[in-house]
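Subject: Handover of a structure and summary of findings

Dear colleague,

Please find below the structure that I am handing over to you.

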Amino acid sequence: MPDRAPVIVGTGLSDYPQAPHLDGVQHHAQAMQRALVDGGVAKGEIDGYLDAGGGGVMIDDAVTMAEYLGIDHRFIDGTMTGGSSFEFHVQHAAAAIRQGLCDTVLITYGSDQLSRMGRGLGTGGLGRGVKRFPGPQQYEAPFGNSLVGSYAMAAQRHMYEFGTTSEQLAEIAVGVREFAGLNPKAMYRDPITVDDVLGSRLIADPLHKLDCCVISDGGGAIVMTTAERARDLRQPPVYVLGAAGAQTHWNISQMPDFTDTAASRCGPVAFGQAGVAPADIDTIQFYDSFTITVMLLLEGLGFCARGEGGAFVKEGHLRRGGDLPLNTDGGGLSSSHPGMRGIFLLIEAARQLRGQAGEAQVPDCELALACGSGGWLSCIGAVILGREHP
Amino acid sequence: MTPGNAGPDGAEQSGEQPAEPWARPLPRPDNVSRPFWEAASRGELLIQRCPSGHRQFYPRAVCTVCGDDPEWERVSGRGTIHTFTVIRQNHARPFRDELPYVVAMVELDEGVRMMGNLTDCPLDEVHIGMPVEVHMVQAEPDVGVPFWRPAAAGTGTKGATA
């Protein structure tokens, strides 16, 4: 019986944080090339393809990109849950590999958001320039909410219910910036303090500029295959031990509970599959669209109790040298955020588990958790990766 | 930010007339949503309730709990601020000219929530739990848009606030 345990064997990042020489589709292509080289996998081996699209002005949905890249697939999946799409993709790809629907899977993402659209996206509101909104958006669009505003309403509610402070949220941005200082490509690398965050201008109360992720270009690709095939490949295998996702809403006005995300539903499933607990995790790569996103994911996944995220982050766990380092590549808060950052979480988790993270390496890193948040805290996907065969 | 009290045009409608033409994004009413917007243009706030009593907003073709056909229910137009933000940066017109302003989730006394803007209230007085009441602004014929103001402010107060 062949060993069909799903494994990440190749990863690639396209040029970031600013790459005016690439359009969105070219980010997909460059990231794929680098992931294939990284893994020592021939392009012709790929028989499964997953792509969420949504990377820019150019059409880059799964069928378009399968054609552009020349993927002869037996399994294709265009699941689009926003920035967490790639955690859902790993869940789906792992199942497809286990079932024998395909043997070698490619996941790609690419976006030229910064070069193409500039930095106004997060505060431009829904569909800039559109005059009439159909469907659920017709009940939000007249009111001038912004992407930042949606997360700000969650932060405001968290402060109200639990006494969380701006200082506590700022601690998250400060810690991630420290790791960005170790990444030569990160968009912002100079150290910042809590006071710097609090002193940056308010974008949408209570979120300051430095509570918000950057806007960048970038792309990523992941190659997955069976443990059997991985034995002959060049990189240390990174095993998918658990992968689960859940959704509570899509549009922010439908969020059932502004301080409880779907992480509290998919987290226990992923931990159950992996047979581990939050205390066993060595590093977390979380979707840090905003500082509040990280806090909600920490609580939802059970790294601390609900409402205790503020006290937890002040204890320093997430810092370099802490027992649960967060976003060791500098995250979306300081390194790169091309629009849907979920694939970078998986790639950085794999880099840590392979022991290839250089100065940012987490010592004895055996278990990593990548958790994406897509939409407006809407769709959460949690993936537990490890370096030992399950 | 909210359009102030205007003249007598459209006297048959009870929504406040914008001081300037409505420049914000508009809904694209469909056969499900049209009664909501039309009612708002008459000064009435509607939500949906299915025969089993499940209430919901936004309006849909089905009840999200039981899948039954929802019916319209007129509600009081009173609620409280469930959460809110003060938008201080928005590059999109016309909002860029109205900064800063409050976007809030209002929890109606009947239990459902809707997004809206809070007007007629100093920014430093906005708080979660604040009682609010609806007032309608006429966006175009047959489309009124619900706005919110502090319930204690009475019903006669109109005008711009930040």
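I begin with helix 10 of chain A, which is mostly covered: 11 of its 11 residues are buried. Please note that the model is a predicted one. The buried residues of helix 10 of chain A run from Thr291(A), Ile292(A), Thr293(A), Val294(A) and Met295(A) through Leu296(A), Leu297(A) and Leu298(A) to Glu299(A), Gly300(A) and Leu301(A). Just after helix 10 of chain A comes Gly302(A), whose phi is positive, at about 90 degrees.

Helix 10 of chain A also has a packing partner. Helix 9 (residues 263–274) of chain A packs against helix 10 (residues 291–301) of chain A at an angle of about 50 degrees, and their axes are 8 Å apart. An angle between 35 and 65 degrees falls in the oblique class, and helix 9 of chain A and helix 10 of chain A are therefore oblique to each other. The crossing in which helix 9 of chain A passes helix 10 of chain A is right-handed. On the side of helix 9 of chain A, the contact is made by Ala263(A), Ser264(A) and Gly267(A), while helix 10 of chain A contributes Leu296(A), Leu297(A), Gly300(A) and Leu301(A). By class, the residues of this contact between helix 9 of chain A and helix 10 of chain A are four nonpolar, three polar and no charged.

The peptide bond that joins Tyr16(A) and Pro17(A) is cis, with omega at about 0 degrees. Pro17(A) lies in the loop between strand 1 (6–13) and helix 1 (24–39) of chain A. Asn327(A) sits in the loop between helix 11 (309–314) and helix 12 (331–335) of chain A. Is Asn327(A) buried or exposed? Asn327(A) counts as buried, because it has 29 C-beta neighbours inside 10 Å and the cut-off is 20 or more.

I turn next to the interface of the two chains. In it, 32 residues of chain A are in contact with 29 residues of chain B. On the side of chain A that touches chain B, at least two residues each are supplied by strand 5 (132–133), helix 5 (147–162) and strand 6 (202–204) of chain A. Helix 5 of chain A provides the largest share of that side, namely six residues. Sorted by class, the side of chain A that touches chain B holds 15 nonpolar, 11 polar and six charged residues. Strand pairing also links the chains: strand 5 of chain A and strand 1 (residues 26–27) of chain B run parallel and are joined by two bridges. Here Arg132(A) stands opposite Leu26(B), a residue of strand 1 of chain B.

Chain B itself contains one helix and nine strands. Read from the N terminus on, its elements follow the order β-α-β-β-β-β-β-β-β-β. Of the 162 residues in chain B, 40% are buried. Among the contacts in chain B between residues at least 6 apart in sequence, 59% join residues at least 24 apart.

Within chain B, strand 6 (residues 101–108) and strand 7 run antiparallel and are joined by six bridges. One of the pairs is formed by Met105(B) and its bridge partner in strand 7 of chain B, Met115(B). Strand 6 of chain B and strand 7 of chain B form a hairpin with four residues between them, and Gly111(B) in the turn has a positive phi of about 115 degrees. Strand 7 (residues 113–118) of chain B is mostly covered, as five of its six residues are buried.

Two loops of chain B complete this account. In the loop between strand 3 (55–56) and strand 4 (71–75) of chain B lies Tyr58(B), and the peptide bond from Phe57(B) to Tyr58(B) is cis, with omega near 10 degrees. The loop between strand 8 (131–140) and strand 9 (143–150) of chain B holds Asp142(B). Asp142(B) is not a glycine, yet its phi is positive, at about 70 degrees. With 15 other C-beta atoms within 10 Å, Asp142(B) is partly exposed.

Yours sincerely

Notes. Residues are numbered from 1 along each chain as its sequence is written. Chains are lettered from A and ligands numbered from 1 in the order in which they are written. This is a predicted model: local features need pLDDT of at least 70, side-chain atom pairs count only at pLDDT 80 or more; totals for chains, interfaces and linings use all residues. Axes are lines fitted to C-alpha atoms, for helices over the stretch in contact, and angles run from 0 to 180 degrees between N-to-C directions. Angles under 35 degrees count as roughly parallel, over 145 as roughly antiparallel, 65 to 115 as roughly perpendicular and the rest as oblique. A crossing is left-handed if the near helix is turned anticlockwise from the far one by less than a right angle, and right-handed if clockwise. Two residues are in contact if their C-beta atoms, placed from the backbone, lie within 7 Å. Ala, Val, Leu, Ile, Met, Phe, Trp, Tyr, Cys and Pro count as nonpolar, Asp, Glu, Lys and Arg as charged, and the others, Gly among them, as polar. Two strands pair if DSSP finds at least two bridges between them. A residue is buried if 20 or more other C-beta atoms lie within 10 Å of its own, exposed if 12 or fewer, and partly exposed in between; C-beta atoms are placed from the backbone.
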